[in-house]
Amino acid sequence: TSIVDQIKELIKQFPSLTEALEELPYPRASLLTHLFNTTIYSLIFSRVAISDQMDEIAMASIFHDIGLSESHFKTIFHNRRNLKKRDMFLLEAHIEKTIEILEKKYVPITKVMKEVVLTHHENYDGTGFPHGLSIQQLKPHQLILPMADLLDRIRIVSSGEKERTFEDSFERLKAYSKRSALGAKVDIRLFDTIDNYLKSLN
């Protein structure tokens with residue numbers, strides 16, 4: 001059984017996807033929990049929007065930030081609005097580093113997985129990195145992880161802070177998608193598809 005299959009089984013333990021989205025992610029600022037959380041979000045979002053590539057998107061989510069060390073992840077998380085030049089370099093370099101690690105460890109990487117990892121910091125308006133790709137240059141399966149990644153960053157709290165619910169975090173994501181530079185990570189059509197589906201479950 002693959003890791004993705006095991007996470008799918010975890011999700012199935014909940015009466016609904018909305019309950020799984022609320023209860024399963026662990027909103028703490030660590031690399032391991034970030035990878036776990038984004039995999040849950042990616043699995044559920046891709047199940048709604050791009051079901052035929054769900055497993056590959058989820059596998060890419062599991063590995064997408066392993067090019068960052070735990071200390072680098074925490075530095076970038078806590079200072080993400082004012083990164084020093086060295087931290088910005090590490091952030092931009094971690095994408096290729098992740099692929100390098102996976103290939104060195106002989107982890108099977110499909111074309112879809114590689115595309116997802118390589119573009120998870122691209123923005124649909126062309127302001128992301130490493131290649132400044134726009135929505136016209138990105139495929140549907142490349143739009144899931146950036147949204148899951150941003151959602152987790154919104155929901156993550158530091159020790160001692162009050163936890164945010166999934167509903168509150170998703171509403172913040174919706175607000176970002178309409179008025180913030182961070183919203184460039186969210187394809188509004190994809191967001192609306194997922195939002196409408198989740199609302200239909202209530």
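Guide: Tyrosine 41 and phenylalanine 45 are four residues apart in helix α3 (residues 31–49), so about one helical turn separates them; helices (H or I, at least four residues) and strands (E, at least two) are DSSP runs, numbered from the N terminus. The model is a predicted one, in which local features need pLDDT of at least 70 and side-chain atom pairs count only at pLDDT 80 or more, while totals for chains, interfaces and linings use all residues. Residues are numbered from 1 along each chain as its sequence is written, and side-chain values use heavy atoms, with hydrogens and water left out.

The structure holds five aromatic pairs, where rings of Phe, Tyr and Trp (its six-membered ring) pair if their centres lie within 6.5 Å, and planes under 30 degrees apart count as stacked, over 60 as edge-to-face and the rest as tilted. In one of these pairs, the ring centres of tyrosine 41 and phenylalanine 45 are 6.1 Å apart and the planes meet at 15 degrees, so this pair is stacked. Tyrosine 41 has a relative accessibility of 0% and therefore counts as buried, a term that means under 20% relative accessible area, with exposed over 50% and partly exposed in between (1.4 Å probe, protein chains only). Phenylalanine 45, at 1%, counts as buried too.

A further stacked pair is made by phenylalanine 170 and phenylalanine 191, with 4.7 Å from centre to centre and 20 degrees between the planes. Because phenylalanine 170 belongs to helix α9 and phenylalanine 191 to helix α10, this pair ties together parts that are 21 residues apart in sequence. Both of these phenylalanines are buried. Tyr41, Phe45, Phe170 and Phe191 come together with Phe166 in one aromatic cluster.

Two members of that cluster, Phe166 and Phe170, also face open space. They are among the residues that line the second largest pocket, together with Thr18, Glu22, Glu167, Glu171, Asp195, Leu198, Lys199 and Asn202. The elements that give two or more residues to this lining are α2 (17–23), α9 (166–179) and α10 (188–201), and α9 gives the most, with four residues. On a 1 Å grid over the protein atoms alone, a pocket is an open set of points with protein on both sides within 12 Å along at least five of seven lines, whereas a cavity is a set where a 1.4 Å probe fits but cannot get out; lining residues have an atom within 4 Å of a point. The volume of this pocket is about 210 Å³, taken as the space filled by probe spheres set on the points, which are joined across faces, edges and corners. By class, its lining has three nonpolar, two polar and five charged residues, with Ala, Val, Leu, Ile, Met, Phe, Trp, Tyr, Cys and Pro counted as nonpolar, Asp, Glu, Lys and Arg as charged, and the others, Gly among them, as polar.

Returning to the helix of the opening pair, threonine 38 is also found in α3, and with a relative accessible area of 0% threonine 38 is buried. A polar atom of the threonine 38 side chain lies 3.2 Å from the backbone oxygen of leucine 35.

Terms used: Polar contact = N/O pair within 3.5 Å; in protein donor to acceptor, adjacent residues only side chain to side chain.
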